[in-house]
Amino acid sequence: MREKFELDLNTLHTKLIEIGSLTEVALGKSIRALEKQDIDLAIEVLEQDVNVDQLEEEINDFAILLIAKQQPVAIDLRRIIVSIKIAADIERMADNAVNIAKSAIRIGNEPLIKPLEQITKMHKLASEMLSLSLKAYHEEDVALARKIAEIDDEVDDLYGEAIKELLQIIPENLEYMNQIIQLSLVARFIERTADHATNIAENVLYLVKGRHYALND
């Protein structure tokens, strides 16, 4: 019975890594769609989001079935609960990738009014945070989980800079108001993506230590 339970836990773990990988790809495509103003690529992100949604449902259903059948306690129960929470955060990251793609579509082929320097840096850091959070989960690495929160501070600083710059250019670029709004939203979507990665890090700490820690405070 224990051997079967371990196999089921490994299946759950594998599904979680898979949804994380799909989301990493979606985030990468969405920012490339924005940078290259590639509408077809943006639409691809929208169309493929269903795969992430379906996988999250699979994870939730599988986890609930495990709890019902095995009635796990202590660390095993934490593993299952954490898997549900992490899947939810990853799915919301994928939603942010969809939102970035939608903003790219709304901007269309209109010339970009400013370099996407902060947004690109934010995205690189947020993507790194997702990758590290999955690694922290896979290896149950507390030190790595704490490092993710430090990177989140960098993302927050870049977000502040990006919004400040966009606000400053409004008076002389009123005809580009739609683009300014969309770029502001993109910055926000990336900032929220980083927050979800931090949530995953917090759940890794809960998994390992059995206590809740707020890394964003």
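Glutamate 154 counts as partly exposed, because its relative accessibility is 42%; buried means under 20% relative accessible area, exposed over 50%, and partly exposed in between, with a 1.4 Å probe and protein chains only. This is a predicted model, in which local features need pLDDT of at least 70, side-chain atom pairs count only at pLDDT 80 or more, and totals for chains, interfaces and linings use all residues. Residues are numbered from 1 along each chain as its sequence is written, and side-chain values use heavy atoms, leaving out hydrogens and water.

Glutamate 154 lies in helix α5. Helices here are DSSP runs of H or I with at least four residues, strands are runs of E with at least two, and both are numbered from the N terminus.

Which residues form the negative surface patch? They are Glu128, Glu150, Asp153, Glu154, Asp157 and Glu161. Helix α5, residues 142-168, gives the most to this patch, with five residues. Patch residues have over 30% relative accessible area and no salt bridge; like charges are joined within 9 Å, and nonpolar side chains (Val, Leu, Ile, Met, Phe, Trp, Tyr) within 5 Å. A salt bridge is a side-chain nitrogen of Lys or Arg within 4 Å of a carboxyl oxygen of Asp or Glu.

Ile43, Leu46 and Ile105 make a nonpolar patch of about 190 Å². Isoleucine 43 belongs to helix α2, residues 39-70, and is partly exposed because its relative accessible area is 34%.

Finally, the whole protein. Its secondary structure comprises six helices and zero strands. Of its 217 residues, 47% count as buried. The C-alpha trace spans about 70 × 35 × 20 Å along its principal axes.

Note on methods:
Areas by Shrake-Rupley, 256 points an atom, 1.4 Å probe, with all protein chains shown as cover. Lys, Arg positive; Asp, Glu negative; His and termini not counted. Charge placed at Lys NZ, Arg CZ, Asp CG, Glu CD.
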